[in-house]
Amino acid sequence: MPRLGFGRRQLSSPIWRASVEDEVDAELAFHVEMRVREYMAHGMDEATARATAVARFGDIRKVNAECRTIGNQRERTMERSEYLRELVLDIRFGFRQLLKAPAFTAIAVLTLALGVGATTAIFSAVEAVVLRPFPYPAADRLVFAFTHYTFGDGGVSIGDWNDWRRRSKSFSQLGAFQFRGVTVSTGETPDRVTAAFASADIFPMYGLTPQIGRVFTAEENQPGRDAVIVLSDGLWRRMFAGARDVLGRTLTVAGRPYTIIGVMPREFDPTDSHEDFWAPSAYSPGQLAFHDEHFLTIVGRLKPGVTMTSAQREMDEIARQLSTEFPQTNKGSGVRLRSLTQAIIGDYRLRLFVVLGAVLCVLLIACGNVANLLLARGAARAKELAVRAAIGAGRGRIIRQLLTESVVLALISALVGLALAWAAIHVLIGAAPPTIPRLAATRLDWPVVAFALAVAVASAIVFGLVPAIRASSGDLQSALREGGRSAIASARDRVRSILVIAEVSVALTLLAGAGLLIRSAFYLSRVDPGFDVKGLISARVALGPPSDTATAASDAEQAFARILNEVKGRPGIAGAAITSAAPLGAGSGSNGLVPEGKEPSPTNAIDSRLRMVSPGYLRMMRIPVVRGRDIDERDVRGGLRVMVVSEALAKAAWPNQDPIGKRVACCEGAPDDPRWKTVVGVAADVHTGGPTQDIRPEFYIPIVQAPADAWRWVNRTMTVVARAASGDASSIAPTVRASVKSIDPSLPVYGVASMTERLDQSMAEARFHLELLVSLGAVGLLLAAAGIYSVIAYFVTLRRHEIGVRMALGASVADIMRLMTWQGLRPVIGGAVLGALAAVWATRLLRGSLYGVTSSDPATFAAVTIVLLLVSLLAIVIPARRVSAVDPTTALHG
Amino acid sequence: MPSTESKDRLHGTLDALVLKTLSWGPRHGYAVARWLEETTGNAIQVEEGSLYPALYRMERKGWIEAEWGMSELGRKAKFYKLTARGRKQLQSETSEWAAFARAVSSVLSPSG
């Protein structure tokens with residue numbers, strides 16, 4: 001029932017109330033007039049009476065103006081409260097309307113809640129990873145500095161860092177981190193953790209103070225005074241159960257006792273490396289002048305007023321100086337500065353925004369469906385609205401009321417959506433690979449709730465405005481007469497067609513993205529990793545610090561030889577080998593290789609991954625030897641120094657030549673004695689970083705011929721690889737552990753995982769991205785299909801009469817089905833064409849996430865279009881079949 | 001609010017007088033002025049320059065409300081009438097005034 005009160009308010013204001021200005025004029029004039037009469041009654045003539053009255057009144061203009069001002073203020077206050085009163089009424093009325101149509105309300109709320117919930121969940125991830133500021137004061141002044149090569153950016157040498165620090169004037173601090181896996185213990189079981197050996201200025205640079213104790217000072221960066229340690233919040237809770245009296249206790253790090261002096265707060269994770277503690281780096285003068293070996297992570301804080309550009313310019317100049325002063329090590333390299341955001345978040349930013357875009361597409365489709373529902377309801381309510389219009393409600397007023405109803409609907413959906421988002425965030429964090437920075441900090445906080453509400457209100461306007469305008473523009477007369485059944489049906493058909501076109505085009509764009517990622521996944525699953533993962537397991541084993549530096553290398557060699565023998569001899573093991581770094585695993589470093597005949601300078605060096613291996617490594621890993629031979633028992637210390645190169649390295653170093661017998665300088669020696677290594681074999685390329693990573697040059701050398709420094713490079717840590725005779729890698733994990741423990745029970749064995757698992761992990765991010773976009777694509781497709789279904793179902797109901805006439809005139813059910821199908825399919829095809837065009841543009845954003853397929857792959861586009869058309873056809877045919885239930889006689893009577 | 005109002009004793013007094021006048025029934029502005037003049041034997045000459053802004057101010061505060069009607073002489077006039085809130089305001093103004101008057105008279109004419 002329309003409420004009559006609604007009309008009365010509307011009527012009373014503009015017609016009955018004069019403007020404030022007129023009222024004041026009339027009232028004051030009346031007053032003066034009455035005075036005039038009063039004076040005349042006392043015997044004055046009219047002119048004198050009037051003059052006296054006016055004089056008595058005083059400054060009538062000033063009084064008039066004062067009254068107008070107050071009157072207008074009052075008018076505005078009243079309008080505001082009137083508006084609020086109407087709003088409250090509209091909201092209450094909206095609730096009642098929704099309660100009266102529970103089926104409509106449930107479907108609309110669920111559809112919208114799905115859209116708002118999904119959007120909110122993804123937004124919360126975007127907020128956590130990209131938008132939330134870093135927890136450091138003036139974090140935008142923090143910059144990472146990398147060594148820049150033509151092939152990419154890398155770590156920094158101690159010498160470079162030292163010289164940058166001394167020469168640059170752009171930074172208030174320029175700190176260095178050296179990350180290392182170390183074994184720590186408090187006397188009981190040892191634990192393997194990530195350590196950061198750092199310069200003292202990293203703490204003031206990040207501007208965070210310890211939650212207990214103190215941080216170390218620059219004096220403690222001196223060798224000998226550096227046995228102090230600052231714990232991360234995580235390690236403090238894990239190893240010390242968060243004890244307040246931890247200060248002064250001792251923690252043994254790699255065999256050396258350190259005194260705990262402080263604990264940093266939880267949010268201190270300066271390079272997103274999740275290290276467990278910070279200890280002072282203590283470099284000797286010799287190390288500080290050493291420009292080779294690039295393993296430092298450098299972060300600086302720009303001085304006030306210094307821009308990134310000017311700092312970069314200064315560093316370019318310093319790099320130029322260093323390359324002339326130290327051509328051996330620094331020629332051909334530069335410096336690259338990157339903001340904290342660039343360095344830590346990098347291209348996750350784009351990827352997340354792409355997902356956010358995709359989820360907004362789903363929301364748009366959901367809005368389309370709700371708009372559709374509202375259109376149908378608007379038709380049903382045409383009579384009620386016509387009555388309102390008839391008793392004086394303006395068109396704007398009706399639109400406002402209908403929009404308020406939409407907003408009420410959207411806000412209810414937002415509440416349900418927030419609950420869905422809360423659940424979705426948990427699923428998201430659980431499913432996401434841990435490598436995505438800051439994602440674990442995703443939560444439903446106030447910015448996210450505000451976003452959800454804003455999205456809901458915006459959606460209400462998107463889905464509510466067109467139906468509201470439509471509903472308010474009905475033809476009064478016919479609506480009152482016929483209940484608005486057919487008079488405006490054709491105009492509505494057009495709006496509905498446009499909705500279908502929009503939904504289909506958005507759905508196709510989503511599907512194209514999802515399709516491309518599916519193609520990528522297929523491609524990745526077919527990529528040959530270059531070695532046989534079947535039954536293969538790898539485990540890291542770290543030796544303790546050497547007891548005698550003179551025999552450190554041979555001691556380590558012997559220790560690993562014993563471990564290898566023990567593993568090989570155990571039952572169930574088909575083969576085993578030792579390497580400094582297995583594919584898909586930790587520990588790989590790279591060296592510059594210079595082929596014989598070329599000037600030994602960094603510009604001629606080919607950056608290649610070094611693998612120190614035990615004899616028979618390639619055969620055991622089943623990496624094909626393309627030419628020459630594997631590293632074997634002939635390669636001994638003091639014998640001919642040999643190396644096996646990968647095909648990529650062979651191609652880069654000796655294009656179109658036989659690499660066997662060629663000599664290479666690398667890793668050690670001096671210009672007068674380059675300690676040549678002779679190539680004895682070429683191995684097939686291996687996807688070391690997993691199928692998503694490009695192949696890079698690699699080389700293999702026998703462990704026993706490794707340069708003396710190499711044991712330090714690898715931190716006295718090696719990888720044991722072993723293959724299970726049964727083909728089940730997990731069955732030999734305990735065997736490998738037990739073998740190592742039987743040689744030395746104090747040796748930590750960690751990072752034990754089968755190669756199949758590692759291969760899986762290496763594609764975890766790609767898969768996560770795939771799962772997200774495919775599920776969004778599927779939801780989008782389903783929602784679009786539901787939208788098409790409801791439009792067709794509505795057409796069938798609306799056109800019972802027309803269908804009846806056609807059937808009475810001799811049309812068969814099949815004829816009418818064909819007609820309905822064609823009419824339903826037309827906007828779908830239109831939408832598909834538009835969608836394909838949009839997809840060509842939108843999928844370019846996915847480029848960085850695609851493997852083995854271009855962003856506008858025609859096969860994928862064709863496939864998703866066919867899927868979309870088939871699903872749409874289904875959504876048309878099912879409701880259209882109801883046509884056959886139309887009985888011409890009843891249809892005509894009705 | 002009443003305390004800040006009472007600071008402006010002049011406004012407050014005029015407001016109280018107008019409210020009191022209207023407590024006998026609806027009147028237009030001129031009638032309010034005349035009634036005050038007559039009742040006080042012209043001791044209080046209400047200035048139109050203060051009366052009308054006061055009426056508008058009180059209308060805005062919701063103490064009085066206005067309606068257009070026919071005056072006794074057959075002309076359209078704006079009639080003011082006391083609201084419930086205005087009645088309450090009148091009570092508090094009256095008692096405040098009484099307290100004020102007692103205080104002043106205790107100074108000016110000490111008992112005896």
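Analyst: Helices are DSSP runs of H or I with at least four residues, strands are runs of E with at least two, and both are numbered from the N terminus. The model is predicted, so local features need pLDDT of at least 70 and side-chain atom pairs pLDDT 80 or more, while totals for chains, interfaces and linings use all residues. Residues are numbered from 1 along each chain as written, chains are lettered from A and ligands numbered from 1 in the order written, and side-chain values use heavy atoms, without hydrogens and water.

User: Why is Cys667(A) called buried?

Analyst: Its relative accessibility is 17%. Buried means under 20% relative accessible area (over 50% is exposed, in between is partly exposed; 1.4 Å probe, protein chains only), so Cys667(A) counts as buried.

User: How do you know that Tyr206(A) and Phe268(A) are an aromatic pair, and of which kind?

Analyst: Rings of Phe, Tyr and Trp (its six-membered ring) pair if their centres lie within 6.5 Å; planes under 30 degrees apart are stacked, over 60 edge-to-face, the rest tilted. The count over all chains is 17 aromatic pairs. Tyr206(A) and Phe268(A) are 5.7 Å apart, centre to centre, with 90° between the planes, which makes the pair edge-to-face. Tyr206(A) is in helix α7 (residues 202-206) and Phe268(A) in the loop between β8 and β9, so the pair ties together parts of chain A that are 62 residues apart in sequence. Both Tyr206(A) and Phe268(A) are buried.

User: Why is the pair of Tyr617(A) and Tyr700(A) called tilted?

Analyst: The ring centres are 5.9 Å apart and the planes stand at 40°, so the pair of Tyr617(A) and Tyr700(A) is tilted. The pair links helix α20 (residues 617-621), which holds Tyr617(A), to strand β20 (residues 698-702), which holds Tyr700(A), 83 residues apart. Tyr617(A) has a relative accessible area of 1% and is therefore buried; Tyr700(A), at 1%, is buried.

User: What makes Arg438(A) a charge over the ring of Phe134(A)?

Analyst: The rule asks for NZ of Lys or CZ of Arg within 6 Å of the ring centre and within 35 degrees of the ring normal. Arg438(A) lies over the face of Phe134(A), 4.1 Å from the ring centre. Phe134(A) belongs to one aromatic cluster whose members include Tyr206(A), Phe268(A) and Trp278(A).

User: Why is the contact of Arg56(A) and Glu37(B) called a salt bridge?

Analyst: A salt bridge needs a side-chain nitrogen of Lys or Arg within 4 Å of a carboxyl oxygen of Asp or Glu. Arg56(A) and Glu37(B) meet at 2.7 Å, N to O. Across the interface of chain A and chain B there are six salt bridges. On the side of chain A that touches chain B, α2 (20-41), α3 (46-57) and α4 (60-100) each supply at least two residues. α2(A) gives the most, with twelve residues.
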